[in-house]
Amino acid sequence: SESNPKTLNHLRLIRAQAQLGVHQLQRLITFTRLSSGVLRIDRKPVLLDKLIRERAEPHRVLLEDMGVPISFDLECPEARAVDQGLLGLAIEELASNARKAIEDSEDQGERYLAITCKANSEQGDITISFENTGRLVPAELRDKMFELFTSATGSTGIGLSLVREIVARHDGTITYDAVGDRISRFTVTLP
């Protein structure tokens, strides 16, 4: 028998919402396992330039479909000992946050996302930056923006706390800077 298009659409919506709920639960479980020490970092040599491109690719496609350019300035050619799955998840989260900030912005001026990876030969560390136009993190939330369940947008508030936990488990740091009144920059520094 032929299905009702309205019913099929409702079923697709229910499925999408269920998948989103499962994704959010998986992120929360990963955060909990990491922060409690149950989940350990499995460091192996990884080419960060390649990892960043691969994990940011879905967001590049979505942004370019909106007419928003994304640029990569990746200068980390040597392999680093990191947990590829977890650091990849952090990159996905930061790219997703940048894309959402651009999408949510009412400002239709110049819009972009720039992702960089730089090796500092003197100090031996690397920095990965996500700089984008769009909605800024409100000043009153910046001191606690990496705490679990903190959100300015009505999201779950899991993403940035998960990123911070992953970066900390790699002995690194993450910072946020507002550049002017429409540019955000998240910078991850790893030893």
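Me: In this predicted model, with which side chain does the side chain of serine 129 make a polar contact?
Reply: In the predicted model, serine 129 is placed in strand S5, residues 126-133. Among the residues that serine 129 touches beyond its sequence neighbours up to four places away are Arg185, Phe186 and Thr187. The side chain of serine 129 makes a polar contact at 3.3 Å with the side chain of threonine 187.

Me: Does serine 129 count as buried or exposed?
Reply: A residue is termed buried when its relative accessible area is under 20%. The relative accessibility of serine 129 is 12%, so serine 129 counts as buried.

Me: What is the order of the five strands in the open sheet?
Reply: The five strands form an open sheet with mixed pairing. The edge strands, each pairing on one side only, are S2 and S6, the latter spanning 173-179. Neighbouring strands of this sheet are turned by 10° against each other on average, direction ignored. The order of the strands is S2-S4-S5-S7-S6.

Me: Which residue in S5 stands opposite isoleucine 115?
Reply: Strand S4 comprises residues 113-119 and pairs with S5 in the antiparallel sense over seven bridges. Opposite isoleucine 115, the residue in S5 is phenylalanine 130.

Me: How far apart in space are phenylalanine 72 and leucine 113, C-alpha to C-alpha?
Reply: Phenylalanine 72 belongs to strand S2, residues 70-75. Not counting residues up to four places away in sequence, phenylalanine 72 touches Ile52, Arg53, Ala56, Arg60 and Ile115. Phenylalanine 72 and leucine 113 are separated by 41 residues in sequence, and their C-alpha to C-alpha distance in space is 8.8 Å.

Me: Which residue in S7 stands opposite threonine 175?
Reply: S6 and S7 are joined by seven bridges in the antiparallel sense. Their hairpin has three residues between the strands, and glycine 180 takes a positive phi near 70° there. The residue in S7 that stands opposite threonine 175 is threonine 187.

Me: At about what angle does helix H3 run to S5?
Reply: Helix H3 covers residues 84-104.

Me: What is the handedness of the crossing of H3 and H4?
Reply: Two packed helices are described by the angle between their axes and the distance between the axes. The axes of H3 and helix H4, residues 159-169, come within 9 Å and cross at roughly 145°. The crossing of H3 and H4 is left-handed.

Me: How many nonpolar residues does the contact of H3 with H4 have?
Reply: From H3, the residues that meet H4 are Leu86, Leu87, Leu89, Ala90, Glu93, Leu94 and Asn97, and their partners in H4 are Gly159, Leu160, Leu162, Val163 and Ile166. By class, this contact has one charged and two polar residues, and the number of nonpolar residues is nine.

Me: Why is H4 largely enclosed by the rest of the structure?
Reply: The buried residues of H4 are Gly159, Leu160, Ser161, Leu162, Val163, Glu165, Ile166 and Val167. These buried residues pack against helix H1, which spans 5-35, and against H3, S6 and S7. H4 is largely enclosed by the rest of the structure because the buried residues number eight of the eleven.

Me: At what distance does the side chain of histidine 170 reach the backbone nitrogen of aspartate 83?
Reply: Histidine 170 lies in the loop between H4 and S6, and its relative accessibility of 2% means that histidine 170 counts as buried. Leaving aside neighbours within four places in sequence, histidine 170 is in contact with Ile41, Arg43, Val82, Asp83, Leu87, Leu190 and Pro191. The side chain of histidine 170 reaches the backbone nitrogen of aspartate 83 at 2.9 Å.

Me: Is phenylalanine 149 buried or exposed?
Reply: Phenylalanine 149 is found in the loop between S5 and H4. Phi of phenylalanine 149 is positive, near 70°, in a residue other than glycine. A residue is called exposed when its relative accessible area is over 50%. With a relative accessibility of 52%, phenylalanine 149 counts as exposed.

Terms used
Residues are numbered from 1 along each chain as its sequence is written. This is a predicted model: local features need pLDDT of at least 70, side-chain atom pairs count only at pLDDT 80 or more; totals for chains, interfaces and linings use all residues. Side-chain values use heavy atoms; hydrogens and water are left out. Helices (H or I, at least four residues) and strands (E, at least two) are DSSP runs, numbered from the N terminus. Contact means heavy atoms within 4.5 Å. Buried means under 20% relative accessible area, exposed over 50%, partly exposed in between (1.4 Å probe, protein chains only). A polar contact is a pair of N or O atoms within 3.5 Å; within protein, one must be able to donate a hydrogen and the other to accept it, and residues adjacent in sequence count only if both atoms are side-chain atoms. Two strands pair if DSSP finds at least two bridges between them. Axes are lines fitted to C-alpha atoms, for helices over the stretch in contact, and angles run from 0 to 180 degrees between N-to-C directions. A crossing is left-handed if the near helix is turned anticlockwise from the far one by less than a right angle, and right-handed if clockwise. Ala, Val, Leu, Ile, Met, Phe, Trp, Tyr, Cys and Pro count as nonpolar, Asp, Glu, Lys and Arg as charged, and the others, Gly among them, as polar.
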